[in-house]
Amino acid sequence: MKPLGDVPWPPDPIVTDRLILRETRTEDRKGLAELLSDETVQAYLGGPQHTREELEELIPQDPNTRPGIFAVEHAGEFVGRITIQRRDRAWAHHVREEGDEVEIGYEFLPITWGRGIATEATRAALGWIERTLPGEPVVLTTQVANEPSLRLARKLGFVEVERFMGFGAEQWFGHLRDE
Ligand SMILES: CC(C)(COP(=O)(O)OP(=O)(O)OC[C@H]1O[C@@H](n2cnc3c(N)ncnc32)[C@H](O)[C@@H]1OP(=O)(O)O)[C@@H](O)C(=O)NCCC(=O)NCCS
């Protein structure tokens with residue numbers, strides 16, 4: 001994981017119709033442990049690496065460890081996170097020679113699925129990227145088999161660059177189309 005680098009952080013909270021996007025806070029630890037230990041959420045992300053109990057110990061008291069990790073709050077509760085990082089030039093698959101593109105990922109608790117919450121949150125995060133890192137290419141990788149994720153990526157305007165085999169599955173690598 002390569003950090004985003006020098007961006008103003010924590011950001012002013014981003015408020016949408018139903019959500020608030022902000023840095024992760026101590027009160028999010030329980031929700032983060034739930035998100036990271038949930039078999040369904042982690043199904044296409046390599047599966048949970050730890051149990052919920054382990055995560056409740058492992059997640060730092062202040063989970064705001066680096067710029068680019070947005071907690072998403074709905075009705076006062078943590079419901080998911082959006083992770084923004086750099087795609088290290090040492091890795092394969094890029095849309096520019098020097099690599100280091102801005103890469104986005106999303107994970108939401110199943111109680112929110114099918115309500116457009118992920119769409120609303122990710123759109124807001126893409127707006128933040130555009131304001132904070134204007135002109136930077138934005139990329140996304142997801143398993144082809146992860147249909148809800150691929151549907152969301154396409155809805156947000158990501159277009160396929162290539163598919164490749166990685167982590168034992170077919171991966172879809174896309175970039176955000178210039179408007
Ligand atoms: C990927 C993931 C975020 C998608 O969640 P989602 O809830 O399906 O995504 P959306 O926010 O786009 O919701 C879409 C559905 O809500 C419906 N919806 C209901 N109310 C809506 C509203 N007010 N606005 C927009 N859509 C709405 C849409 O019609 C759509 O239905 P469809 O899936 O039948 O087409 C979720 O499955 C997840 O967290 N997965 C686990 C983590 C993961 O695999 N991440 C991918 C790694 S990059």
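**Exercise 1. Describe the polar surroundings of the ligand and how far the protein covers it.**

Solution. Next, a polar backbone atom of Gly114 is 2.8 Å from an oxygen atom of the ligand, and a polar side-chain atom of Trp113 lies 3.3 Å from an oxygen atom of the ligand. Then take the cover: of the 970 Å² of accessible area that the ligand has on its own, the protein covers 71% (Shrake-Rupley method, 1.4 Å probe; for residues, only the protein chains shown count as cover).

The model is predicted, with local features needing pLDDT of at least 70 and side-chain atom pairs counting only at pLDDT 80 or more, whereas totals for chains, interfaces and linings use all residues. Residues are numbered from 1 along each chain as its sequence is written, and side-chain values use heavy atoms, with hydrogens and water left out.

**Exercise 2. Identify which elements supply the shell around the ligand, and its make-up by class.**

Solution. Strand E5 (101-108), helix H3 (117-132) and helix H4 (147-155) each supply at least two residues of the shell, helices (H or I, at least four residues) and strands (E, at least two) being DSSP runs numbered from the N terminus. H4 gives the most, with five residues. By class, the shell has nine nonpolar, six polar and five charged residues, where Ala, Val, Leu, Ile, Met, Phe, Trp, Tyr, Cys and Pro count as nonpolar, Asp, Glu, Lys and Arg as charged, and the others, Gly among them, as polar.

**Exercise 3. Work out the strand order of the sheet and find its edges.**

Solution. Eight strands form an open sheet of mixed pairing, in the order E1-E2-E3-E4-E5-E6-E8-E7, two strands pairing if DSSP finds at least two bridges between them. Strand E1 (14-15) and strand E7 (158-166) stand at the edges with a single partner strand each, so one side of each is left without a neighbour in the sheet. Within the sheet, E5 and strand E6 (residues 138-143) pair in the parallel sense over two bridges, and Glu103 stands opposite Val139 in E6.

Key:
A polar contact is a pair of N or O atoms within 3.5 Å; within protein, one must be able to donate a hydrogen and the other to accept it, and residues adjacent in sequence count only if both atoms are side-chain atoms.
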